[in-house]
Amino acid sequence: MMNWLRNSTTAAGLLTVLRLYVGWKFISAGWGKLSGDKPFDASGFIKGAIGKAGGEKPVVQQWYGDFLQGFTLTNVDAFNFLIPWGEFLVGLGLITGTLTTFAAFMGIFMNFNFLFAGAISHNPNMIIVQFFLLAAGMNAGRFGGDYWVIPWVRTYTRKFSRNGRSSVQSRTT
């Protein structure tokens, strides 16, 4: 199964459809927050999630409520920037098929945080699809920008690592 997912052209075609769907969900959510009439403000959502961490049957686990209270709410301005731009860029990466595995990983990270905060919605479905994209690796972006970008990145990182190794060796000898 993994070999098929990572190497099959048929799998790449199916993954492209899934990638476009998830990418559209992310880019439209991000664009809606970026281009709305009012600036995006996550403080209401965060406060609501913190409120769901208490009571007899909490929806949000206490540790995550503490994280939201102690870190997220105090840095809400940073999150007001990160959430819409993160959603938009994940969507852009998935739609264009550029840095697909990184975009899928970041999407999973965001979806899990929304789940931890008590927002069920379509997050579990998106996580499942994104796990397939992540597991497929390069094949998920075969029909996209990864076809050109990943070989360039590999060449550049090899060149960089060779230069780094040779300069370290020359300093020690």
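A residue counts as buried under 20% relative accessible area, as exposed over 50%, and as partly exposed in between. The exercises below concern a predicted model.

**Exercise 1.** Work out how the rings of Trp-63 and Phe-116 are arranged, and whether each residue is buried, partly exposed or exposed.

*Solution.* A search of the whole structure finds twelve aromatic pairs. In the pair of Trp-63 and Phe-116, the ring centres are 5.5 Å apart and the planes stand at 70 degrees; since planes over 60 degrees apart count as edge-to-face, this pair is edge-to-face. The pair links distant parts of the chain, with Trp-63 in helix α4 and Phe-116 in helix α6, 53 residues apart. Phe-116 has a relative accessible area of 32% and is therefore partly exposed, and Trp-63, at 47%, also counts as partly exposed.

**Exercise 2.** Classify the pair formed by Trp-152 and Tyr-156.

*Solution.* The ring centres of Trp-152 and Tyr-156 lie 5.6 Å apart with 10 degrees between the planes, and the pair is stacked. Both residues lie in helix α8, four residues apart, which is about one turn of the helix. Trp-152, with a relative accessible area of 56%, is exposed, whereas Tyr-156, at 48%, counts as partly exposed.

**Exercise 3.** Describe how helix α5 packs against helix α6.

*Solution.* The two helices, α5 (residues 76–96) and α6 (residues 100–116), pack at an angle of about 140 degrees, with their axes 9 Å apart. They are therefore oblique to each other, and α5 passes α6 in a left-handed crossing. By class, their contact has eight nonpolar, four polar and one charged residues.

Note on methods:
Residues numbered from 1 in each chain as written. Predicted model: local features only at pLDDT ≥ 70, side-chain atom pairs only at ≥ 80, totals over all residues. Heavy atoms only, no water. Axes fitted to C-alpha atoms, helices over the stretch in contact; angles between N-to-C directions. Parallel < 35°, antiparallel > 145°, perpendicular 65-115°, else oblique. Left-handed = near helix turned anticlockwise from the far one by under 90°. Nonpolar A, V, L, I, M, F, W, Y, C, P; charged D, E, K, R; others polar. Phe/Tyr/Trp six-rings, centres within 6.5 Å; stacked < 30°, edge-to-face > 60°. Buried < 20%, exposed > 50% of the residue type's maximum accessible area, 1.4 Å probe, protein only.
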